[in-house]
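Please keep the sequence and the model in view while reading.

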Amino acid sequence: MTTPMQQLSPLRHTTSAEEAAALAAEQLAHFGIEAQSEYGQVLLRLSQNLYQANAATLDLWRITLETLGQLDRKDRIAYFNAKRFVSFQLAKILDTLQNPLRSTYQSLSVREHGFACKGVYPLFDNVTAIFSSTPVIARTATYLFACTEWVEDAFKGREPLLEIYSRLLNPTSISLANHMVDLEAGPLATEYLAWNFNSGMAAIDGVLAHVVGARDIVLSSRNIYGGTYQLLHDWYGKKSNLDLALEWFDGLEGEDFAAALAATRSKHAKRLAEGRRIYVFVESPCNPHGNILDVPEICRLAHAAGSLVLCDATVGTPFLSPVLRRDDPVERPDFVIHSYTKDLCGSGTTTAGVVIGRNERMFLPKGESVSIAGPDGKPETIGWEESLFWNVYYIKGAFLDADKAFEVLSGMRTFESRMLQKGINTLVLVRALDQHPDINVHSPAVEGHPGAALREKLMYLGLPAPLFTIDLEGGNGRPPVPKDAFKRFFDSLEPAIGLQVSLGQTNTLALCPALTSHSELSDEALKAAGISLTTIRISVGLEDPRVLIAHLLRAAELAIEPSVPGFCANFPSPEQIDTLYRSTYLDVHRRFIEAQPDFATLAR
């Protein structure tokens, strides 16, 4: 076992020295420095102090973990700033060291032709970047290695200082992943890790490739993104690929899932007897209708049956639907997926995704294993090769580059305030449009919707996700809007409502799922998912919702009214819309303020 001081040695695995003085002398000999020279004496003193500093730093880490939960806020402020200043002191030493290092480098390199091709030596002038007020964009494919034994450890996952290659690790991307874990898991963040992918679909594929095997079974919620459906149905379910058995469950409650799980176990009893497993995939809130599943209860039931749960939580974000903050671990999904592309970034300027899971399922150093409680509480041993990093991330290369990571980090600064405003806007839009007898609104924000109780129970402040659908298919004795009138209406939504194939941007967007985001589904699958040819998915933005309603009214006058006289008269009156907007805005902000901890709690 390497000691804290030995950890800093270039011969950390082969040294027999244990004390700082002996380790420092050995280090000088390793690099061919005469210890008795003036040069050697200075390096000896510096190196010895560094070995002692590393041991003290690791002691500080241990003490912090042991005592942090017992400290009041005053002590935590003091200790944070003391450690913060030590970071500046260490960086100051490193920055000062660049001067003799640069001088020696110049004596070796700059006198010869061909020097320009080397570029700037990476250690020079980069130390101050540590203190950039935003994460530095590390545009690099490769990194400097310290020494042979350290790089050997790096390739075994035992030396995080050496990031090897940006296909695997990059400082900007790691900063984003760590920040995402904090946002999603909150006080439980130390139990979780995240790996970033180049898109939300790459993240879904990455975690599916990690857990499922040939002829396994996936039980999925019905309303999922069309691309996910296509990935499961057309790739994983293809006989020449993994021949996955794919089953769907309707409904929102735990009892709906329990019935589907029992039916799945019965239907695929032969596969289960052969050792195959059932995995559960849920998307909540769902795309396209914004329905909310009882994810904690589904997790509880799935785990009791020994199944891992994968949850795409993109639409809700950690602000509205923090699925990993449940006190009981069995109520948390095993893997949570987000498409950063949507509300987390918010601007619609990049594509990116992330998978979050418990530490031991995400990464273990090579050669290590750990025993944990499995999903059903039974003991389970996970080897390093069974962690997502080594099993998929290390070899597939669906990494997130530094520029994209930085863009997501920048957007995430405002996502909480954006989600609050979008929740308000969604309530106004849904409840205003629901008053029109010819517009069928599908959203748990509608009073009396089967998912309304789950919205109140599971979503922050009872707010809906900023995603819902409408259709003009008639019902309750009323005929549907003619198809040609519907097309003219949809094509008239610009410029107030963008016709774009995405969601989660600052502006409101609309699309027809049957023709776009869910076009991969068969006619039967579309019908089962409640998607018709006139279904419009609305992704709510930050505009004044009254402006959007006004545009919908005028577009309807232009496109629908000639075919359906009286259609526009059924919109709420201007006074009703103003009243709904003001009352909703005030009510949500009042509840938001009331939900904040009191000052005494904040000061602790």
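Which residues does Thr172 touch, not counting residues up to four places away in sequence? Thr172 touches Val136, Ile137, Ala138, Ala402, Ala405, Phe406 and Leu409, where contact means heavy atoms within 4.5 Å.

## Basis of the report

The model is predicted: local features need pLDDT of at least 70, side-chain atom pairs count only at pLDDT 80 or more, and totals for chains, interfaces and linings use all residues. Residues are numbered from 1 along each chain as its sequence is written, and side-chain values use heavy atoms, with hydrogens and water left out.

## Thr172 in helix α5

Thr172 belongs to helix α5, which covers residues 171-185. Helices (H or I, at least four residues) and strands (E, at least two) are DSSP runs, numbered from the N terminus.

Thr172 counts as buried because its relative accessibility is 0%. Buried means under 20% relative accessible area, exposed means over 50%, and partly exposed lies in between (1.4 Å probe, protein chains only).

## The loop between β4 and α10

Leu293 is found in the loop that runs between β4 (278-283) and α10 (295-304). Because its relative accessibility is 3%, Leu293 counts as buried. Residues up to four places away in sequence aside, the contacts of Leu293 include Ser221, Phe249, Leu252 and Val282. Also among them are Ser284, Cys286, Ile298, Leu454 and Leu458. Between the C-alpha atoms of Leu293 and Thr414, the separation is 26 Å; these residues are 121 residues apart along the chain.

Pro285 also lies in the loop between β4 and α10. The peptide bond leading from Ser284 to Pro285 is cis, and its omega is near -10°.

## A cis bond at Pro495

Another cis peptide bond runs from Glu494 to Pro495, with omega near 5°. Pro495 is placed in the loop between α17 (483-490) and β12 (498-499).

## Positive phi angles

Arg215 is not a glycine, yet its phi is positive, at about 65°. Arg215 sits in the loop between α6 (200-211) and β2 (217-221).

With a relative accessible area of 14%, Leu461 is buried.
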